[in-house]
Amino acid sequence: LLADDFFFYWVHRTLHHPKLYPYIHKRHHEFNITITMAAEYSHNFEFIFGNVLCTLSGVKILGSKVHAVSYFVWGTYKIIQSCESHTGYEFSFSPFALLPNGVTSTYHNYHHYQNVGNFQPSFMFWDTLFGTNRSYKKYMELLKKDEEREAKMKRAKEKQKDRKSVV
């Protein structure tokens with residue numbers, strides 16, 4: 001999990017470089033709102049280096065210590081994780097949301113919507129360390145303030161309504 005996250009971060013970030021993006025990764029970003037079918041929709045180069053090799057990195061590091069069933073479970077996990085992160089939905093029962101500092105569908109959806117930062121598939125560690133999720137964090141802070149303001153306005157309207165019903 002850690003090896004995949006590390007390598008995927010760097011490959012994904014590199015594919016966003018202006019000299020590479022239009023030729024390779026832009027294909028995946030034709031979907032600026034995430035849908036599950038976009039999860040594996042990629043250029044052949046990206047599929048091999050960004051998806052297959054990153055997914056296999058941990059298996060390669062562990063070598064012959066990896067049982068065939070573990071390899072199958074890991075591959076299944078990665079496909080489900082990738083599909084879920086592209087659904088555009090937050091599932092309260094998602095096992096991926098249980099990971100400490102884990103990446104959610106909202107996190108990845110922001111990446112597609114704004115086409116900036118949030119390069120990791122599992123954890124926010126590298127994005128946070130290198131500041132590639134600052135835009136997302138600012139966006140979430142603003143969203144929280146908007147929600148708090150709306151809740152405050154709703155409570156004020158309810159109080160006003162209560163006062164009118166008393167009179």
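This is a predicted model: local features need pLDDT of at least 70, side-chain atom pairs count only at pLDDT 80 or more; totals for chains, interfaces and linings use all residues.
Trainee: Is Q120 buried or exposed?

Mentor: The cut-off for a buried residue is under 20% relative accessible area. Q120 has a relative accessibility of 1%, so Q120 counts as buried.

Trainee: Which side chain makes a polar contact with the side chain of Q120?

Mentor: Leaving aside neighbours within four places in sequence, Q120 is in contact with D5, Y9, V103, F125, W126 and D127. The side chain of Q120 also reaches a backbone atom, the oxygen of F123, at 3.0 Å. The side-chain to side-chain polar contact has a distance of 2.4 Å, and the partner is D5.

Trainee: N118 is in the loop between α4 and α5 too. What is its relative accessible area?

Mentor: N118 has a positive phi of about 50 degrees although it is not a glycine. Most residues other than glycine have a negative phi. N118 is buried, and its relative accessible area is 0%.

Trainee: How many aromatic pairs does the structure hold, and of which kind is the pair of Y9 and F119?

Mentor: The structure holds 15 aromatic pairs. In the pair of Y9 and F119, the ring centres are 5.9 Å apart and the planes stand at 70 degrees. Planes over 60 degrees apart count as edge-to-face. The total is therefore 15, and the pair of Y9 and F119 is edge-to-face.

Trainee: How many residues apart are Y9 and F119?

Mentor: Y9 is in helix α1, whereas F119 is in the loop between α4 and α5. Y9 is buried at 0% relative accessibility, and F119 is buried at 6%. The pair links distant parts of the chain, with a separation of 110 residues.

Trainee: Of which kind is the pair of Y9 and F130?

Mentor: The ring centres of Y9 and F130 are 6.0 Å apart, with the planes at 20 degrees. Planes under 30 degrees apart count as stacked. This pair also links distant parts of the chain, as F130 is in the loop between α5 and α6 and lies 121 residues from Y9. The pair is stacked.

Trainee: Which residues form one aromatic cluster?

Mentor: Y9, F119 and F130 are among the members. F130 is partly exposed, at 37% relative accessibility.

Trainee: At which residue does α2 bend?

Mentor: Helix α2 spans residues 44-62 and reaches 26 Å from its first C-alpha to its last, close to the 27 Å expected. Just after the helix, G63 takes a positive phi of about 65 degrees. The bend in α2 is about 40 degrees, and it is at L53.

Trainee: The side chain of S57 reaches which backbone nitrogen?

Mentor: S57 lies in helix α2 and counts as buried at 8% relative accessibility. Leaving aside neighbours within four places in sequence, its contacts are A3, D4 and F7. The backbone nitrogen is reached at 3.5 Å, and it belongs to D4.

Trainee: Why do the buried residues of α3 lie on the same side of the helix, and which elements cover them?

Mentor: The buried residues of α3 are W74, K78, Q81, S82, E84 and S85. They cover an arc of only 160 degrees around the axis, which puts them on the same side of α3. On the other side, A68, V69 and F72 are exposed. What covers the buried residues includes α1, α2 and α4.

Key. Residues are numbered from 1 along each chain as its sequence is written. Side-chain values use heavy atoms; hydrogens and water are left out. Helices (H or I, at least four residues) and strands (E, at least two) are DSSP runs, numbered from the N terminus. The expected span of a helix is 1.5 Å times one less than its number of residues. The bend at a residue is the angle between axes fitted to the seven residues ending there and the seven starting there. Buried means under 20% relative accessible area, exposed over 50%, partly exposed in between (1.4 Å probe, protein chains only). The arc is that of the directions from the helix axis to the C-beta atoms. Contact means heavy atoms within 4.5 Å. A polar contact is a pair of N or O atoms within 3.5 Å; within protein, one must be able to donate a hydrogen and the other to accept it, and residues adjacent in sequence count only if both atoms are side-chain atoms. Rings of Phe, Tyr and Trp (its six-membered ring) pair if their centres lie within 6.5 Å; planes under 30 degrees apart count as stacked, over 60 as edge-to-face and the rest as tilted.
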